[in-house]
Structures are given as C-alpha cells and as structure tokens.
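Open the model in your viewer and keep the sequence panel beside it.

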Amino acid sequence: MQSESSKDITDYYKHLSLFWTDIIHLMSSKPQALTSVGPMRAFATNSKKISMELIEINEDLMEFNKHLTEYYKQLSDAWGVAQKKVNLKAPEIPQGIEQIDALKEIWIDIFDNDFTELFDSEKFGNNYGKLVSKELELTKHWNNITNVILQSANLPSKEEIDEVYKEIHSLKKRVGKLELELKKKEMKKNSK
Amino acid sequence: MTPHEVVQEMDKTRLLHYKPLTDKQHKTPLLISYALINRFHILDIHPDKSWVRNLLQQGFDVYMLDWGTPTSMDKYLDFDDYVNGYLDSYVEYIKNESSSEKISLQGYCTGATIATAYTTLHPDSVKNYIATAPVIDGWRDTTVISNLAKHMDVDKMVEVIGNMPPEFMYYCFSVLKPFEQGIEKYVNFFKNIENKKFVDNFLRVEKWLGDTPPIPGALFRQWIKDIYQDNLLIQNKMYLEGEHIDLKKIDMPVFTQVAVGDHLVSPECSMPLHYAIDSKDKTLRMYPTGHVGMIASSLSQKKVLPELGEWLAERS
C-alpha cells in the first residue's frame with residue numbers, strides 16, 4: 001500500500017504541475033502570448049493532456065513496480081527452494097570424476113522442475129498478467145503523449161492511422177473474397 | 001534450402017513449390033501450412049533433417065505456405081483472413097495448377113489450427129488431412145504457454161501495441177525449461193565446439209529460434225480468446241465471420257502426429273482432435289520426442305516421415 005507521506009508528495013506534485021499547465025494554457029489563449037499561432041499554440045493548449053498523462057504514468061509506475069517486485073520475489077523464492085533441494089541431494093552423489101557432471105544434471109533437473117511448476121502456477125500467471133497489463137498501461141500513456149505532439153504538428157494521430165489501416169483491411173478483404181469467388185466460378189466453368 | 005520457386009504471393013504471404021526429386025510423383029499435391037511462430041524453413045533446416053526433402057524423395061508434390069512478416073498495417077488481419085483468404089486462395093491455386101479436385105493438407109502447430117478450421121469449412125477441397133502437433137484444446141494444454149495465455153489481457157495488448165511483438169514470444173520461449181535451454185544447451189555447444197557438423201546444426205536452429213515474426217493483432221486476440229481462454233474450437237463453438245467451425249465436418253482420412261515430450265503444445269492439447277472428428281479413417285501416432293524434434297531430427301527422418309509417407313502414399 002502507498003504510504004501517507006508518498007501520497008502527499010504525489011498529490012503535491014500533481015497539483016503543482018496542473019497549476020503550471022493551467023497557467024500555460026491560459027497564457028496561450030491570450031492573443032499577446034508568444035505561442036499565439038502555429039504548432040506551439042496547439043502544443044501549449046494540449047500540454048495539460050501531457051501533464052495528466054505524466055501524472056497517471058507516475059501512478060501506474062507504482063503499480064507496475066509492485067508487480068515487478070512480486071515477480072522477482074517469486075523467482076527468488078523458487079530459486080531458494082530449488083537450491084535447498086539440490087543441497088539435500090548433493091551428498092548422495094558418489095565421489096569421483098563424474099561428480100561435477102552428475103551434480104550439474106541434478107541441479108538443472110531440480111531447477112527446471114521447480115521453475116516450470118512456478119511458471120505453471122495460478123499465482124505466477126496472475127501476477128505476470130497484471131505486470132504485462134501495467135506495462136501496457138505505461139505504453140498507452142506514452143502513445144497518448146505522442147499523439148498530443150503529433151496533433152500539435154498537424155500530423156495524424158495513431159488512432160487516425162489505425163482507422164486508415166482498418167479501412168484498407170476491410171476493402172482488401174472484400175476485394176479478395178470477390179476475386180476468389182470469381183476464380184472458383186471460372187474453374188467450375190472450365191472443368192465442365 | 002531444397003530448390004523451390006515462389007509460385008504465388010498475396011500481401012506478405014507466399015506460396016512455395018518445391019522441385020520434384022523423383023521421376024514419378026503421387027497424384028495428389030501436398031500443401032504444408034506452417035505455424036505462425038518462427039519461420040517455415042525449420043521444415044527444410046538441413047538436407048539431412050529436411051522434412052520437405054524427405055517427402056519429395058518419397059515422391060510427393062510439395063507446396064509450402066510462408067506466412068511472411070506482418071507489419072503494423074496488418075494488425076486487422078484475423079483468423080478469417082488466414083483461413084478463408086490466404087489458405088483458401090492458395091488451395092484453389094494448387095488445385096488449378098495440378099488439375100486435382102482435392103489436395104492433401106498438413107498443418108503444423110498453430111498452422112494446424114488454421115488448417116483444421118479450413119478443413120471443417122472446405123472439406124470438399126481436402127482429400128487427406130495431417131495434423132502435426134496441432135493446437136486444439138487450450139484448457140487441456142499443460143504447458144507454461146497456456147498458463148500465460150489464460151492470464152493475458154489480450155484486448156489491451158492489441159489495443160496498445162497492435163501486433164503481438166516477437167519479444168513477447170521470446171519471453172515465452174525463455175520460460176520453457178529455462179535451465180536446460182538457457183545453460184545446458186550452451187554448455188553442450190562449447191563441449192562440441194570442434195565438431196563442425198554439430199556447430200553447423202546448432203547455429204541453424206539457434207538462428208531459426210531467434211527469428212519469429214509478429215502475429216497480427218486481430219488474429220492473436222481471437223487465438224488467445226477462442227483457443228486458450230474460452231476453448232471454443234474443441235467445443236464446436238468457434239465461428240469465423242459467422243461460419244461455424246464444426247470439427248464433425250472433418251470426415252476425410254486424418255493422420256494426427258503428437259510428440260510425447262512436447263513442451264510447447266502438450267499431447268493433451270493435440271490429441272482431442274483425433275476423438276472429435278467424424279472421420280472413419282483416422283490414425284493417431286505418438287513419438288518419443290519434442291515439438292521441434294518431431295519435424296527436424298534423426299527420429300523424424302527415421303520414423304515420423306516414413307510412417308507419414310506410407311500412410312499418405314496409400315491415399316494419394
């Protein structure tokens with residue numbers, strides 16, 4: 001859980017950054033502002049969105065770190081248990097030239113089994129799923145920031161490009177199906 | 001690589017036709033639908049371990065489907081595009097070129113899931129169906145991959161990054177027998193560093209392992225949801241653009257190949273296909289090897305391929 005003091009600090013910076021973005025936003029809307037025309041004005045107008053994204057990144061980063069810590073804890077715990085098993089088994093290996101090879105085989109065997117058990121477990125799957133999900137949230141914020149910058153430069157956003165891709169895909173699909181139908185009909189006709 | 005020519009191309013996919021290695025060939029051509037993960041050339045990785053070359057030497061007319069490398073632009077390609085678009089077009093091309101009414105179809109791994117869906121929707125085009133380590137029953141799959149897939153927020157992944165990135169696949173590979181694959185394999189490599197044949201083979205496979213294309217987002221989403229999370233295929237509840245994927249419609253001769261030591265697609269995930277189909281002429285073979293061992297090893301040359309060839313020759 002987030003401690004009271006870290007929450008206070010987060011809130012403080014959240015309000016501080018929002019205050020300054022509001023000021024920039026207000027300044028940019030005045031005709032006498034430096035950023036009255038062109039992309040800089042658009043950027044200043046949108047800068048509040050960037051601040052919001054940065055604040056949310058900070059919050060998601062804390063969640064991400066929580067799952068990342070749990071991820072490494074699970075790996076470290078599995079390592080500890082597996083190593084204990086190897087230590088118990090080691091004295092049973094007969095002394096000789098082949099001792100090192102035999103120990104290596106046992107070590108790999110036990111570690112592979114224990115780690116596969118971990119990777120196959122509900123707790124690992126659950127935490128790993130959340131870890132990836134949080135990582136994707138961070139990427140999403142980054143995409144959103146990039147979109148603001150792209151829009152400021154009068155360039156199409158990711159969503160707008162995606163729309164074009166979707167349209168192209170749909171057209172290609174329809175044309176492809178029509179072509180295939182025609183080909184099949186032609187083949188049927190030729191075979192008669 | 002075994003001599004071949006690219007006879008058809010659609011978007012980023014290609015259809016390869018291998019040059020015959022025998023004077024006489026079986027009448028029915030064979031199309032191989034390779035997996036969506038890594039590249040098709042594992043089936044022709046080395047002359048001594050080539051799946052394709054072996055089949056050519058047994059007198060089969062072999063075609064191979066290369067799914068290519070999708071880019072961000074292809075993120076909307078879905079299951080239907082692969083089954084009723086690319087695969088169907090290539091099958092029609094082969095039928096036309098070979099003047100055959102039907103072809104033999106082999107699917108490997110995820111390529112077998114696509115081929116299975118195709119076979120249910122177009123049974124009139126498939127004379128024989130060979131399913132090699134097919135991904136069929138996601139809930140029965142006992143591999144680590146299935147556990148990761150079940151907990152994946154696939155909607156968010158597709159929404160944020162579009163296609164499934166190869167790096168994610170590499171992570172999935174890395175959790176499969178991590179110590180044997182991450183340590184033992186390389187210790188063994190250095191032990192055999194003087195052995196030219198070993199090093200050559202090792203590098204070919206390593207290069208292949210490190211070369212996987214992205215998977216189109218829409219296809220990946222449907223894959224994870226329908227196969228691993230909701231397990232619709234084996235329950236005969238899967239649909240492609242309104243078309244029902246009914247495994248009972250598979251009534252032609254079917255040969256299912258399963259590897260006992262498969263840690264990518266467990267036998268429990270593949271075998272249900274054999275029991276779910278309506279075919280009267282069906283064979284299930286299990287081999288004491290792994291996922292790649294079944295298609296590119298000495299065992300595949302000595303046992304897997306001769307058995308497949310014998311079965312297919314009788315029906316081609």
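Contact here means heavy atoms within 4.5 Å. Keep that cut-off in mind, and remember that this is a predicted model.

**Stop 1: a histidine inside chain A**

Select His141(A). You are in helix α4 of chain A. Is His141(A) buried or exposed? His141(A) counts as buried because its relative accessibility is 5%, and the cut-off for buried is under 20%. Now show what surrounds the residue. Leaving out neighbours up to four places away in sequence, His141(A) contacts Glu53(A), Glu56(A), Ile57(A) and Asp60(A).

**Stop 2: chain A as a whole**

Zoom out and colour chain A by secondary structure. Chain A has five helices and zero strands. Its pattern along the sequence reads α-α-α-α-α. Of the 192 residues in chain A, 30% are buried. Take the contacts in chain A between residues at least 6 apart in sequence: 71% of them join residues at least 24 apart.

Go to helix α1, residues 4-29 of chain A, and pick His15(A). His15(A) is exposed, at a relative accessible area of 56%.

Next, select Ile106(A) in helix α3 of chain A. With 21% relative accessibility, Ile106(A) counts as partly exposed. Beyond its neighbours within four places in sequence, Ile106(A) touches Lys89(A) and Ile93(A). Draw a distance from Ile106(A) to Asn190(A). The two are 84 residues apart in sequence, and their C-alpha atoms are 67 Å apart.

**Stop 3: where the chains meet**

Show both chains and select the residues in contact between them. Chain A gives 38 residues to the contact and chain B gives 40. The area buried between the two chains is about 3500 Å², with 59% of it from carbon and sulfur atoms.

How many salt bridges cross the interface of chain A and chain B? The rule finds 11. The same interface has 22 residue pairs in polar contact, both residues at pLDDT 80 or more. On the chain A side, the elements that give two or more residues are α2 (38-89), α3 (99-119), α4 (122-152) and α5 (158-191). Of these, α4(A) gives the most, with 13 residues. By type, the residues on this side of chain A divide into 15 nonpolar, nine polar and 14 charged.

**Stop 4**

Pick Lys140(A) and Glu159(B). They form a salt bridge, with the closest N and O atoms 3.3 Å apart.

Move to Lys173(A). Lys173(A) forms a salt bridge with Asp78(B), where the closest N and O atoms are 3.1 Å apart. This pair crosses between chains: Asp78(B) is in the loop between β4 (62-66) and α2 of chain B, and Lys173(A) is in helix α5 of chain A. Both Asp78(B) and Lys173(A) are buried.

Asp81(B) also forms a salt bridge with Lys173(A), at 3.5 Å between the closest N and O atoms. This pair joins two chains, because Asp81(B) lies in helix α2 of chain B and Lys173(A) in helix α5 of chain A. Asp81(B) is buried, as is Lys173(A).

Now widen the selection to Lys173(A), Lys177(A), Asp78(B), Asp80(B), Asp81(B) and Glu241(B). A network of salt bridges links them.

**Stop 5: an enclosed helix in chain B**

Select residues 217-229 of chain B, which is helix α9. The helix is largely enclosed by the rest of the structure, because 10 of its 13 residues are buried. Among the buried ones are Leu219(B), Phe220(B), Trp223(B) and Tyr228(B). The buried residues of α9(B) pack against α2, α3 (110-121), α4 (144-150), α5 (154-161) and β7 (238-240) of chain B.

Find Arg221(B) on this helix. Arg221(B) forms a salt bridge with Asp155(B), the closest N and O atoms being 2.7 Å apart. The pair links distant parts of the chain, from helix α5 to helix α9 of chain B, 66 residues apart. Asp155(B) is partly exposed at 31% relative accessible area, and Arg221(B) is partly exposed at 30%. Just past α9(B), check Asn231(B): its phi is positive, about 50°.

**Stop 6: the nonpolar core**

Finish on Tyr129(B). The largest nonpolar core has 127 residues, and Leu31(B) and Tyr129(B) touch the most other members. Helix α2 of chain B (residues 79-98) gives the most to this core, with nine residues. Beyond its neighbours within four places in sequence, Tyr129(B) has contacts that include Leu105(B), Met252(B), Phe255(B), Leu273(B) and Trp311(B).

Note on methods: Residues are numbered from 1 along each chain as its sequence is written. Chains are lettered from A and ligands numbered from 1 in the order in which they are written. This is a predicted model: local features need pLDDT of at least 70, side-chain atom pairs count only at pLDDT 80 or more; totals for chains, interfaces and linings use all residues. Side-chain values use heavy atoms; hydrogens and water are left out. Buried area is the accessible area (1.4 Å probe) that two parts lose on being put together, summed over both. A salt bridge is a side-chain nitrogen of Lys or Arg within 4 Å of a carboxyl oxygen of Asp or Glu. A polar contact is a pair of N or O atoms within 3.5 Å; within protein, one must be able to donate a hydrogen and the other to accept it, and residues adjacent in sequence count only if both atoms are side-chain atoms. Helices (H or I, at least four residues) and strands (E, at least two) are DSSP runs, numbered from the N terminus. Ala, Val, Leu, Ile, Met, Phe, Trp, Tyr, Cys and Pro count as nonpolar, Asp, Glu, Lys and Arg as charged, and the others, Gly among them, as polar. A nonpolar core is a set of buried Ala, Val, Leu, Ile, Met, Phe, Trp, Tyr and Cys residues joined through side-chain atoms within 4.5 Å. Buried means under 20% relative accessible area, exposed over 50%, partly exposed in between (1.4 Å probe, protein chains only).
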